[in-house]
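Please open the structure in your viewer and keep the selection tool at hand.

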Amino acid sequence: MRAERINKKAWDRVYREDGNVFRERPQEGMPQAVRLFEKNGVKRVLDLGCGTGRHLVYLAKHHFDVYGIDIAEHGVKLSQEWLRAEGLRAELKVGDIYKKLPYADDFFGAIISVRTLHHGKIGWIRGLVAEMVRVLEPGGFIFITVKRHVPLKYVPKDRRFDIRYIAPRTYVILGGRERGLPHYRFNEDLLRRTFKDFQVLKLWTDRMNHFCLLGRLRKESPP
Ligand SMILES: C[S@@+](CC[C@H](N)C(=O)[O-])C[C@H]1O[C@@H](n2cnc3c(N)ncnc32)[C@H](O)[C@@H]1O
């Protein structure tokens, strides 16, 4: 099944049923990433899977030129409303991040993506990473977080749902808020291999049990 079909339906339902979810403060490590971007003179920042906009607002408040893309139309609408209410702006698109990204080569100084990239099969994720390399300028930065697999016995009982494998290391949850959503099971080695084009500046696990990777693109500047 195409990513667009699985994710669009499931995420639109999340935002229509639950409204402004993920509206808590920015992701752990985001202030550090932003300081790094500022120190290195980054201008344009892209948020892949921007959701309801908590990082768009945060980045716009730090005076970056902010771009966001998300497959859930309703999420993008909520982001737009929040930015407007704050008197801020960002270039937003509704789109599938596992397709060719709708931006020019070398366009961004940094890309962030929080709790999003693991919602696909590994082939889609690798294609997306190649696109990130294309749209990032040489030496550009990334700050991404992906879910770390937790054995079922450590998941609280009220959040234990059946899962169905749809591809190697990739399952769909069959209940709860995330029902119908694909999850790829990263481990540290697979994450490092997937982002082999990036120098890893920092890699850690946050309080929500997500890997957080701050990295810098090794792409050469054109002669
Ligand atoms: C857990 S939410 C995180 C939202 C936001 N990054 C945050 O931290 O508040 C994951 C987001 O990824 C988006 N998403 C999932 N698959 C996508 C895809 N194929 N293309 C674009 N966005 C996608 C969802 O619509 C959702 O808004």
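The stops below lead from the ligand to several individual residues and then to the salt bridges.

The model is predicted: local features need pLDDT of at least 70, side-chain atom pairs count only at pLDDT 80 or more, and totals for chains, interfaces and linings use all residues. Residues are numbered from 1 along each chain as its sequence is written, and side-chain values use heavy atoms, with hydrogens and water left out.

**Stop 1: the ligand**

The ligand is surrounded by 19 residues, and the closest are Asn7, Tyr15, Gly49, Arg54 and Asp70. Now colour by helix and strand; these are DSSP runs numbered from the N terminus, with helices (H or I) of at least four residues and strands (E) of at least two. Helix H1 (3-18) and helix H3 (54-61) each supply at least two residues of the shell. H1 gives the most, with 3 residues.

Next, examine the polar contacts, which are pairs of N or O atoms within 3.5 Å; within protein, one atom must be able to donate a hydrogen and the other to accept it, and residues adjacent in sequence count only if both atoms are side-chain atoms. Select Tyr15: one of its polar side-chain atoms is 2.5 Å from an oxygen atom of the ligand. Select Arg54: an N or O atom of its side chain lies 2.8 Å from an oxygen atom of the ligand. Select Val114: here a backbone N or O atom is 2.9 Å from a nitrogen atom of the ligand. On its own the ligand has 600 Å² of accessible area, and the protein covers 99% of that area. Accessible areas come from the Shrake-Rupley method with a 1.4 Å probe, and for residues only the protein chains shown count as cover.

**Stop 2: His74**

Select His74 in helix H4 (residues 73-86). Is His74 buried or exposed? His74 is buried because its relative accessible area is 15%; buried means under 20%, exposed over 50%, and partly exposed in between (1.4 Å probe, protein chains only). Contact means heavy atoms within 4.5 Å. Not counting residues up to four places away in sequence, His74 touches Asp12, Tyr15 and Arg16.

**Stop 3**

Select Phe195, in the loop between helix H6 (188-194) and strand S9. With 1% relative accessibility, Phe195 counts as buried. Beyond residues up to four places away in sequence, Phe195 touches Leu117, Val129, Met132, Ile142, Ile144 and Leu213.

Move to Gly140 in strand S5 (residues 136-147). Gly140 is buried, at 1% relative accessible area. Apart from neighbours within four places in sequence, Gly140 is in contact with Gly109, Gly215, Arg216 and Leu217.

**Stop 4: Asp206**

Select Asp206, in the loop between strand S9 (198-205) and strand S10 (210-217). Asp206 is buried yet has no salt bridge, a salt bridge being a side-chain nitrogen of Lys or Arg within 4 Å of a carboxyl oxygen of Asp or Glu. The nearest side chain of opposite charge, Arg115, is 5.9 Å away; Lys and Arg count as positive and Asp and Glu as negative, while His and the chain ends are not counted. A polar atom of the Asp206 side chain lies 2.9 Å from the backbone nitrogen of Met208. Leaving aside neighbours within four places in sequence, Asp206 is in contact with Gln27, Glu28 and Cys212.

**Stop 5: salt bridges**

How many salt bridges does a search of the whole structure find? The search finds 8. Select Glu28 and Arg207, whose side chains meet in one of them (3.7 Å, N to O). Glu28 lies in the loop between H1 and helix H2 (30-39) and Arg207 in the loop between S9 and S10, so the pair ties together parts that are 179 residues apart in sequence. Glu28 counts as partly exposed at 26% relative accessibility, whereas Arg207 counts as exposed at 69%.

Finally, select Asp189 and Arg193, which form a salt bridge through their side chains (2.8 Å, N to O). Both residues lie in helix H6, 4 residues apart, about one turn of the helix.

Note on methods:
Near = heavy atom within 4 Å.
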